[in-house]
Amino acid sequence: MFALVVQTILLIAIAFILGCVIGCLLHRMFGSSQEETQDASASAAPAVGVGAVAASAAVIPAAPVSQPVVKKAPVVPTPPKPVVPQAPAEPAKVAKPAPIAQAPAKKSAAPKKSTSKAAAAKPGKRVASAAKAAPAAAATPDNLKMIKGIGPQNEGRLNALGINSFAQIASWKKKDQAHYGDVLAFPGRIEREDWVGQAKVLTKGGATQFSKRVKSGAVESSSGKAVKADLGSEPKNLLSAPKGGKADNLTLIDGVGNAIERKMFKLGIHHFDQVAKLTKAELAWLGNAVGFPGRPERENWKGEAKILAAGGTTEHAKKVERGQIKTSRKS
């Protein structure tokens, strides 16, 4: 840019100098010719005047008035005005069009989460529900009596519920322990005796102090195997609700406290006459159901229930009514 400006100034200077030189030359040429013409005119004028005097003496012509010769100044060409180079104008900035305001895009509704864990699982990963599923019953049942707290009756009852392996018990969570504790009618016992912890050791092929004693034959209550007769059969006279809306005071039966009475109510036994009509197999079922196998037979629940159903009383019932049995309630 600077070089362009310098070049322009030099061209203007050269043009100016040439103009001056040419003007001087023209002045010399045209100025000398004009002077010669004026001199010739001045010398011819007196000759004319002398001839006139000789021709007519009477008339004396007036002397010619000489006019001053005005010399015209030579025309000097006006040099062109120097062109001052101007910086090229910056191109006008084109204002960017304002962005068109767009309505915010509505968020697409998030897809509902599938309730199936299998649908939410990532490819290549094992489905969580399948990984946590309880093991199935074993083709060859384990000896559950190796676990402290499980005797022949409880083993039989668990087998009847589809539980016949250490792995199944080892997989129980807190809710499972509570469930089976309620089903076996001794809530809290599974946790207290740590069936799950024992089962985990046995599942891996290990041994506990109790299982060693069972193998050596030192635990008599863990010998043998429950048979169907030991498990009993469900009574046929169970009720969904007490007759007349009021149940009998079953705690008047010896061996039935408030806790066992509530279990009997849940099972559908609300009256003395129901207990009085139970068969041997049904009494065995009742003992297992309330968590005390053999107690109904040992403490003669059926015989006492017959007396109470007929309106009679027993020594135990009298103590209960007098408030001497803290675990039972007055009628």
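Ala, Val, Leu, Ile, Met, Phe, Trp, Tyr, Cys and Pro count as nonpolar; Asp, Glu, Lys and Arg count as charged; the others, Gly among them, count as polar.

The model is predicted: local features need pLDDT of at least 70, side-chain atom pairs count only at pLDDT 80 or more, and totals for chains, interfaces and linings use all residues. Residues are numbered from 1 along each chain as its sequence is written, and side-chain values use heavy atoms, with hydrogens and water left out.

**Exercise 1. Describe the largest pocket: its space, its lining and the elements that supply the lining.**

Step 1. On a 1 Å grid over the protein atoms alone, a pocket is an open set of points with protein on both sides within 12 Å along at least five of seven lines. Lining residues have an atom within 4 Å of a point.

Step 2. Take the volume, which is the space filled by probe spheres set on the points. The largest pocket holds about 470 Å³.

Step 3. List the lining. It has 18 residues; Arg 157, Val 183, Leu 184, Leu 267 and Ala 289 lie nearest the centre.

Step 4. Assign elements. Helices are DSSP runs (H or I, at least four residues), numbered from the N terminus. Two or more lining residues come from each of H4 (152-160), H6 (174-183), H11 (258-267) and H13 (280-289). H11 gives the largest share, four residues.

Step 5. Sort by class. The lining has 10 nonpolar, three polar and five charged residues.

**Exercise 2. Locate the salt bridges Lys 145 to Glu 155, Lys 243 to Asp 273 and Glu 315 to Lys 318, and state how accessible their residues are.**

Step 1. Set the rule. A salt bridge is a side-chain nitrogen of Lys or Arg within 4 Å of a carboxyl oxygen of Asp or Glu. The count is five.

Step 2. Buried means under 20% relative accessible area, exposed over 50%, partly exposed in between (1.4 Å probe, protein chains only).

Step 3. Take Lys 145 and Glu 155. Their N to O distance is 2.8 Å. The pair links distant parts of the chain, 10 residues apart: Lys 145 sits in the loop between H3 (128-131) and H4, Glu 155 in H4. Both residues are buried. Other buried residues of H4 include Pro 152, Asn 154 and Arg 157.

Step 4. Take Lys 243 and Asp 273. Their closest N and O atoms are 3.0 Å apart. This pair also links distant parts of the chain, 30 residues apart, from the loop between H10 and H11 to helix H12 (residues 272-276). Lys 243 is partly exposed because its relative accessibility is 46%. Asp 273 is partly exposed at 24%.

Step 5. Take Glu 315 and Lys 318. The closest N and O atoms are 3.8 Å apart. Both lie in H16 (residues 315-321), three residues apart, about one turn of the helix. Glu 315 is exposed at 55%, while Lys 318 is partly exposed at 34%.

Technical notes
1 Å grid on protein atoms, 1.4 Å probe; cavity = no way out; pocket = protein on both sides within 12 Å on 5 of 7 lines; lining within 4 Å.
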